[in-house]
Amino acid sequence: MPPLQLIPPTDLAPPSIAHLSPRDRARVWAQMVDEGDRLVFEGFLRQHGDQAVARRAFDEWLARRAAEATSAKIRMLRARRPTEHHDGQ
Amino acid sequence: MASEGVLATLRAGWNALSGVAAPKAVIGGLALTAWNHARYTRDADVLLVSGDFQKEAVDRAVPWPALTDAGDLRVVQPDDLVVIKLLAGRLIDRADAAMLLRENREAIDFVRLHREVVGQGISAEYRQVWSDAFPSEPMPRLE
């Protein structure tokens, strides 16, 4: 089995934003969030066909994401404790 | 717009923490934006110091005036963000770490990064993100 690839190779990766100003990089992020939300919501709307149900499904999706992110942060902070260090190799 | 809500949350949280006597800096997916990697995230994460590494990371944080009008907003350096991402440990965090390495090679303090990687016991995770960021280059020896 080939090793897991985390990011695309440079020739297939999306264009770098390193040349943009910090403010324009922030605009790229804002556009991703707003467009991403719109796409996900439209997916739920297509699936359920009803605005209120789609909104509820979208909110639940956001809550699941938030819970997963919170548990990752707790894990990250717990890893700071000296007694829990391990090299993982 | 959701992005405005995220920024408003960050601004409000940052300002609310101004009375706390601990230094702080932006981390998480939003901080990637400062370091040449933008991706979808609605989380506004702020690190408050609670340990030696975190204190150093926050002390080394740089001003980030471009994101919001929260006057003294700061963001951790890319090498510290790599360590934080590797400690968080999800697949997306490791992908973020790989992109941070690739997109910020000149800005990263590799001596500090490698010291933290060894000290935090995340050498195996680091080896994986290095090989994805720089597939044609062997990973430097970690002392």
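## How two helices cross

In this predicted model, α1(A) and α1(B) sit oblique to each other. Their packing angle is about 125°, and their axes are 7 Å apart.

Who actually meets whom here? On the chain A side you'll find A:Ala30, A:Val33, A:Asp34 and A:Asp37, and they meet B:Ala2, B:Ser3 and B:Val6.

## A second crossing

Now look at α2(A) and helix α4 of chain B, which covers residues 78-88. These two pack at an angle of about 110°, again with axes 7 Å apart, and are therefore roughly perpendicular to each other.

From α2(A), the residues making the contact are A:Ala72, A:Lys73, A:Arg75 and A:Met76. Their partners in α4(B) are B:Ile84, B:Leu87 and B:Ala88. Five of the residues in this contact are nonpolar and two are charged, with no polar ones.

## The whole side of chain A

Stepping back, 31 residues of chain A are in contact with 39 residues of chain B. Two chain A elements give two or more residues to this side: α1 (22-48) and α2 (51-78). The largest share, 12 residues, comes from α1(A).

What is the class make-up of the side of chain A that touches chain B? It has 16 nonpolar residues, along with seven polar and eight charged ones.

Technical notes. Residues numbered from 1 in each chain as written. Chains lettered and ligands numbered in written order. Predicted model: local features only at pLDDT ≥ 70, side-chain atom pairs only at ≥ 80, totals over all residues. Contact = placed C-beta atoms within 7 Å. Helix = DSSP H or I, 4+ residues; strand = E, 2+ residues; numbered from the N terminus. Nonpolar A, V, L, I, M, F, W, Y, C, P; charged D, E, K, R; others polar. Axes fitted to C-alpha atoms, helices over the stretch in contact; angles between N-to-C directions. Parallel < 35°, antiparallel > 145°, perpendicular 65-115°, else oblique.
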